[in-house]
Amino acid sequence: MSQSPVPPPNWWNRNWKWFVPVLVVTGIALFAAFFAAIFALVFGMMKSSEPYQTGLSRARADAAVIAALGEPITPGYFVQGSIDGSAASGEASLTIPLKGSRGAATLYVEASKQAGAWQYETLVVALDGGQRIDLRDEDDDAGEFGR
């Protein structure tokens, strides 16, 4: 009586030792990429907002801020806060880290939007030594809307 030949192992039995780790690493990479995309989208939206842009441009143009931080003044990557609103109304509260050639500071922006125009209640650069530089001008007073 002859013995029947043993069938060769199937694909899974031959390859599972490398396929499972590759599958796990791929899943982790996709998960990380998803969160990185969400992170980039959220910070991109905050950094493209009018309150962020206005605060940063005023900080870069202010002589006291330039004297304290040095040039160039660059924003940090991790903006904290929130922006909520529509085309006509909204609220913004942002904390923006700033860095210059001589030091670092934090820019605080608090604004409300009414009738499509932003009004800045707080627009302050807080230096590391505790000094605060107000960046608001006369047009920023909230009294324009009867408050």
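**Close-up views of a predicted model**

**View 1. Lining of the largest pocket.** Five nonpolar, four polar and three charged residues make up the lining of the largest pocket; Ala, Val, Leu, Ile, Met, Phe, Trp, Tyr, Cys and Pro count as nonpolar, Asp, Glu, Lys and Arg as charged, and the others, Gly among them, as polar. The model is predicted: local features need pLDDT of at least 70, side-chain atom pairs count only at pLDDT 80 or more, and totals for chains, interfaces and linings use all residues. Residues are numbered from 1 along each chain as its sequence is written, and side-chain values use heavy atoms, with hydrogens and water left out. The lining includes Val42, Met45, Ile83, Asp84, Lys113 and Trp118. Two or more lining residues come from each of α1 (11-47) and β2 (80-85); helices (H or I, at least four residues) and strands (E, at least two) are DSSP runs, numbered from the N terminus. The volume of this pocket is about 190 Å³. A pocket is an open set of points on a 1 Å grid over the protein atoms alone, where a 1.4 Å probe fits, with protein on both sides within 12 Å along at least five of seven lines; lining residues have an atom within 4 Å of a point. Grid points are joined across faces, edges and corners, and the volume is the space filled by probe spheres set on them.

**View 2. Strands β2 and β3.** Strand β2 runs antiparallel to β3 (residues 90-99), with six bridges between them; strands pair if DSSP finds at least two bridges. Gly81 has Leu94 of β3 as its bridge partner, and a hairpin of four residues connects β2 to β3. None of the six residues of β2 is buried (buried, under 20% relative accessible area; exposed, over 50%; partly exposed, in between; 1.4 Å probe, protein chains only).

**View 3. An aromatic pair in α1.** Phe31 and Phe35 lie four residues apart in helix α1, about one turn of the helix. Their rings form an edge-to-face pair, 4.8 Å centre to centre with 70° between the planes (centres within 6.5 Å; planes over 60 degrees apart for edge-to-face, under 30 for stacked, the rest tilted; for Trp, the six-membered ring). Phe31 counts as exposed because its relative accessibility is 54%, whereas Phe35, at 43%, counts as partly exposed.

**View 4. Backbone at Pro72 and Ala115.** The peptide bond between Glu71 and Pro72 is cis, with omega about -5°. Ala115, in the loop between β4 (104-114) and β5 (117-127), has a positive phi near 55°.
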